[in-house]
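This report describes selected features of one structure. The sequence and the structure are shown first, and the description follows.

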Amino acid sequence: MNGEETARSRARQYKAGCIFVSKPTPSYTTLKRFVKCVISLAVFAVTAVWAFLIRLVGGAPRGSCIVLYYHSIPEDQRQRFAKQLDVLLRYATPTALSGDVELRTGVHLAAVTFDDGFQNVYENAMPELKKRQIPVVMFVIADAFGKAFGPLGHSEKVMSLDQLQSLPEELVTIGSHTLTHPMLSTLSEDEARQEIGGSRTKLESTLNRKIRLFSFPFGCFNEQLVELCKEAGYSRVFTTLPKCAFAEPSEFAVGRVRVDPTDWPVEFRLKLNGSYRWLPVAFQFKRFIVSGWLVRTVLGIFKRPPQEVEPRSAIQESRSR
Ligand SMILES: [Zn+2]
């Protein structure tokens, strides 16, 4: 893909409401994480002061909920994952997403979800979750059971159908993550409908469980795709926009915050608390800049007068001919 095509592809993805996934250098990634962490610390501080003031006048802060999402839990990260679960139990109340979620004054809820259904989640995450009785939602790819999935050279094994069926129903809700994990916004309407609705039908018949929840591959969604999910009969869909969940009780498209076992402790604590909720605003601002309005305006101010303009007399001449 050449530079122009890449730029076009990015523009298309921004247009579709996707989060563009690039491959930055490790030092850039660390710097980005650090900056996000600092801004989130400021959000955390403001929120804490606000809650203190509310309590001071005899009130209680509003209830809140954050939905976390993980992907892979390799064996060497199991202990870090377990520590994160302990932090979750200390600072939040775990909640399931299978039914309605009601926010309670002064209570911070947290829900745990996994995308892609990797085998190492079955092996390393599930025992820790069972030990602590933390409910989870597993978003699985209906055509990928037992297969390798992921980018070339970094693929991981997806759990088998037997493993998925053995997960305890009282603790694990299964959701759909499409049939083949495509970038839905690049498909035709019929193809997207098949990925969204077809995966639900297939999972229900294979697992003999009701499938009511859906998560978008790559976090890529737009209004049309949300409508297709409603049409397919899902009761709720999950994005990767890191905002607080259930600000409205009837919320259909629910935001989630990405977490990894490798997150710094302070980073995880801030994500759990909802302090990364400023990010969607930053994404919108970025999209606004990328859309070109600001760039065109700035360039317009500093634009040099055109150098090669046809002389007026020549234009008049050519018109008169
Ligand atoms: Zn995925």
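Threonine 180 is partly exposed, because 16 other C-beta atoms lie within 10 Å; a residue counts as buried with 20 or more other C-beta atoms within 10 Å of its own, as exposed with 12 or fewer, and as partly exposed in between, C-beta atoms being placed from the backbone. The structure is a predicted model, in which local features need pLDDT of at least 70, side-chain atom pairs count only at pLDDT 80 or more, and totals for chains, interfaces and linings use all residues. Residues are numbered from 1 along each chain as its sequence is written.

Threonine 180 lies in the loop between strand 7 (172-176) and helix 6 (189-207); helices (H or I, at least four residues) and strands (E, at least two) are DSSP runs numbered from the N terminus. Neighbours within four places in sequence aside, threonine 180 is in contact with Ile141, Asp143 and Glu195, contact meaning that the C-beta atoms of two residues, placed from the backbone, lie within 7 Å. Phenylalanine 149 is 31 residues from threonine 180 in sequence and 9.7 Å from it in space, C-alpha to C-alpha.

Strand 1 runs parallel to strand 3, to which seven bridges join it; two strands pair if DSSP finds at least two bridges between them. In this pairing serine 64 stands opposite histidine 108. Two bridges also join strand 1 to strand 11 (residues 257-258), again in parallel, and leucine 68 stands opposite valine 257 there.

The largest nonpolar core has 63 residues, of which Ile66, Val67, Leu68 and Met138 touch the most other members. Strand 1 (residues 64-70) gives the most to this core, with six residues. Such a core is a set of buried Ala, Val, Leu, Ile, Met, Phe, Trp, Tyr and Cys residues joined through C-beta atoms within 7 Å. Beyond four places in sequence, valine 67 touches Ala111, Thr113, Phe238, Ala245, Val254 and Arg256.

## Positive phi in two loops

Most residues other than glycine have a negative phi. Aspartate 116, in the loop between strand 3 (108-115) and helix 4 (119-132), has a positive phi of about 90°. Aspartate 116 is buried, since 22 other C-beta atoms lie within 10 Å.

Glutamine 133 has a positive phi of about 55° and is found in the loop between helix 4 and strand 4 (136-140). Glutamine 133 is exposed, with 10 other C-beta atoms within 10 Å.
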